Amino acid sequence: MASNGSCVWRTGSSHPPCAAAFKPLSQLVRLLHEISCEYGSLKYYALCGFGGILSCGITHTAVVPLDLVKCRLQVDPNKYKNIFKGFSITVKEDGVRGLAKGWAPTFIGYSMQGLCKFGFYEVFKNVYGDLLGEENSYLWRTSLYLAASASAEFFADIALSPMEACKVRIQTQPGYANTLREAFPKMHSEEGVWAFYKGVAPLWMRQIPYTMMKFACFERTVEALYKYVMPKPRNECSKSEQLVVTFVAGYIAGVFCAIVSHPADSVVSVLNKEKGSSAFQVLQRLGFVGVWKGLVARIIMIGTLTALQWFIYDSVKVYFRLPRPPPPEMPESLKKKLGLDQ
């Protein structure tokens, strides 16, 4: 049995009973034809993971120039000073092609992260929903989103860490390496396997709060938009209208994500540039003001990034006709207990 918000879906069933139990038979038949696989099946999770690969891999690679300037601003604020000066100095020193430095580890690393982030989120949301039961899944839905996303990101960061270390070294240490083919063996020969995982703890510090905010804020924002903004229920909206709601909710979530995760992001950028430093030492050296350098660039980048990621992920679900349940509603059993069924 699988839970989703107020809905409890049984594995082996291709549609949520709470959303469709009272639909006319013709609508139920149409709904079954619109869904390509069972909720909670291996195919469902695999396609969700594929959606995560596309959403994270494509979007992070697309903003490599902005990410490069942001990282350089974090590790050398005296030279780059602000985002505009960062772009001009980078182009002057490395040419326009220099803005694409680190694209390969970015694409590989964030594709692997997206696979785990979105795929495992669906798995953990299902598992934790089963443990809570239908009524508690609704009452504690924000906690459910937070727990599922945190669990997924724990594994996603382990997958991301090696490529993130290579990316930051290429982008922030001029002359060290220009490509992944150069950076990976050089880092391994100098520092061993530890070179690729010494930043995993700061990654958890940055990415787990970021992902918790990303998923919980997104889920609750979607719920609020359909409840207070959209003039009609979700099941009456067209697919394009639903995707617009997805994009708007994603951008709102992205702004909060950037703020929550930025201090740890600054630590990761400095840590992967330097040899022999610990996260605590870097944090002490940067100080309170230092960890917020590059925040404006990160808000622009992460806001756009998160909106596009959710848009691509939801588009993949639409394309492959995966189950997409409506925003959660209070179960009938809970309404009766609270005397709200009248």
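Predicted model: local features only at pLDDT ≥ 70, side-chain atom pairs only at ≥ 80, totals over all residues.
Colleague: Which kinds of residues make up the contact?

Modeller: In the contact of α9 with α12 there are 13 nonpolar residues, eight charged ones and five polar ones.

Colleague: OK, switching to rings. How many aromatic pairs are there?

Modeller: The structure has 19 aromatic pairs. One of them is Phe124 with Phe155: the ring centres are 6.4 Å apart and the planes sit at 10°, so this pair is stacked.

Colleague: Where do Phe124 and Phe155 lie?

Modeller: Phe124 is in helix α7, residues 103–132, while Phe155 is in helix α9. The pair therefore ties together parts that are 31 residues apart in sequence.

Colleague: Is Phe124 buried or exposed?

Modeller: Phe124 counts as buried, since its relative accessibility is 18%.

Colleague: Which residues form an aromatic cluster?

Modeller: Phe118, Tyr121, Phe215, Phe218, Trp310 and Tyr313 form one together.

Colleague: What about charges over rings? Which ring does Arg141 lie over?

Modeller: Arg141 lies over the face of Tyr138, 4.3 Å from the ring centre. There's also Lys186, whose charged end sits over the ring of Tyr176, at 4.3 Å from the centre.

Colleague: Now the backbone. What is the phi of Lys81?

Modeller: Lys81 has a positive phi of about 60°, although it is not a glycine. You'll find Lys81 in the loop between α5 (77–80) and α6 (83–94).

Colleague: Is Lys81 buried or exposed?

Modeller: Lys81 is exposed, because its relative accessible area is 52% and the cut-off is over 50%.

Colleague: And Arg321, where is that found?

Modeller: Arg321 is in the loop between α15 (295–319) and α16 (332–337). Phi of Arg321 is positive too, near 55°, in a residue other than glycine. With a relative accessible area of 39%, Arg321 is partly exposed.

Definitions and conventions
Residues numbered from 1 in each chain as written. Heavy atoms only, no water. Nonpolar A, V, L, I, M, F, W, Y, C, P; charged D, E, K, R; others polar. Phe/Tyr/Trp six-rings, centres within 6.5 Å; stacked < 30°, edge-to-face > 60°. Helix = DSSP H or I, 4+ residues; strand = E, 2+ residues; numbered from the N terminus. Buried < 20%, exposed > 50% of the residue type's maximum accessible area, 1.4 Å probe, protein only. Lys NZ or Arg CZ within 6 Å of the ring centre and 35° of its normal.
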